[in-house]
Amino acid sequence: MFDFDATLPFMALQFLLFAALLNVIFYKPLTKVLDDRDNYIRTNTLDARERLAKAERLATEYEQQLAEARRSSQATVEAAQVEAKKITAQKIAEAQQEAQSQREQASVEIEQQKQEAMRTLEQQVDALSRQILEKLLGPAPVR
């Protein structure tokens, strides 16, 4: 069946050369491309995980800062409301005191005007009474 003459070693040598040539031309570059691709994927995966972890840390920090800012702004708003209420109450009290003072002053002025009007009225009543008496009784003797 097989003939072991010079063709067998020549076929074996041809097979080995063909295998080496395929290895150099095809398999090594293909293996290199696959290894490079694997390294690229691995590197990108690690980089993506690191970036994701960093993004999560930053998101957590920002949420904490946002919560702190909200608490701070709420405290500021509450303090401003308390201060505004205090100022409003103070202004109302001052306005009430001023109104009371003006009422008292007006009351005093009215009382003074009333007294002056009464004096003037009394003088006029006395003068009119004398005039009526003079007309009724005649002029009074001079003493």
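1. Helix α1 has 131 residues and reaches 185 Å from its first C-alpha to its last, close to the 195 Å expected at 1.5 Å a residue. The expected span is 1.5 Å times one less than the number of residues. Helices are DSSP runs of H or I with at least four residues, strands are runs of E with at least two, and both are numbered from the N terminus.

2. On the source: this is a predicted model, in which local features need pLDDT of at least 70 and side-chain atom pairs count only at pLDDT 80 or more, while totals for chains, interfaces and linings use all residues. Residues are numbered from 1 along each chain as its sequence is written, and side-chain values use heavy atoms, with hydrogens and water left out.

3. The protein chain contains 1 helix and 0 strands. Its radius of gyration is 59 Å, well over the 15 Å that the globule rule gives for 143 residues, so the chain is more spread out than a compact globule. The radius is taken over C-alpha atoms, and the rule is 2.2 Å times the number of residues to the power 0.38. Along its principal axes the C-alpha trace spans about 190 × 25 × 25 Å.

4. Of the 143 residues, 0% count as buried; buried means under 20% relative accessible area, exposed over 50%, and partly exposed in between (1.4 Å probe, protein chains only). The accessible surface of the protein chain is about 13700 Å², and 61% of that belongs to carbon and sulfur atoms. Areas come from the Shrake-Rupley method with a 1.4 Å probe, and for residues only the protein chains shown count as cover.

5. Helix α1 covers residues 7-137. It bends by about 45° at N23, the bend being the angle between axes fitted to the seven residues ending there and the seven starting there. After α1 comes G138, with a positive phi near 95°. D5 belongs to the segment before α1 and is partly exposed at 37% relative accessible area.

6. A nonpolar surface patch is formed by L21, V24, I25, F26, Y27, L30 and L34, with about 690 Å² of accessible area together. Patches take residues with over 30% relative accessible area and no salt bridge, joining like charges within 9 Å and nonpolar side chains (Val, Leu, Ile, Met, Phe, Trp, Tyr) within 5 Å. L21 is partly exposed, at 46%.

7. The structure holds 5 salt bridges, each a side-chain nitrogen of Lys or Arg within 4 Å of a carboxyl oxygen of Asp or Glu. One of them joins D36 to K32, with the closest N and O atoms 3.1 Å apart. These two residues are 4 apart in α1, about one helical turn; D36 is partly exposed at 39%, whereas K32 is exposed at 52%.

8. R42 also forms a salt bridge, with D38, at 2.5 Å between the closest N and O atoms. R42 and D38 lie 4 residues apart in α1; R42 is partly exposed at 42%, and D38 is partly exposed at 37%. Further along, K86 and E83 meet at 4.0 Å, N to O, and are 3 residues apart in α1. An α-helix has 3.6 residues a turn, so residues three or four places apart point the same way.

9. Two C-alpha separations are given for scale. R37 and L52, 15 residues apart in sequence, are 22 Å apart in space. D5 and L52, 47 residues apart in sequence, are 68 Å apart.
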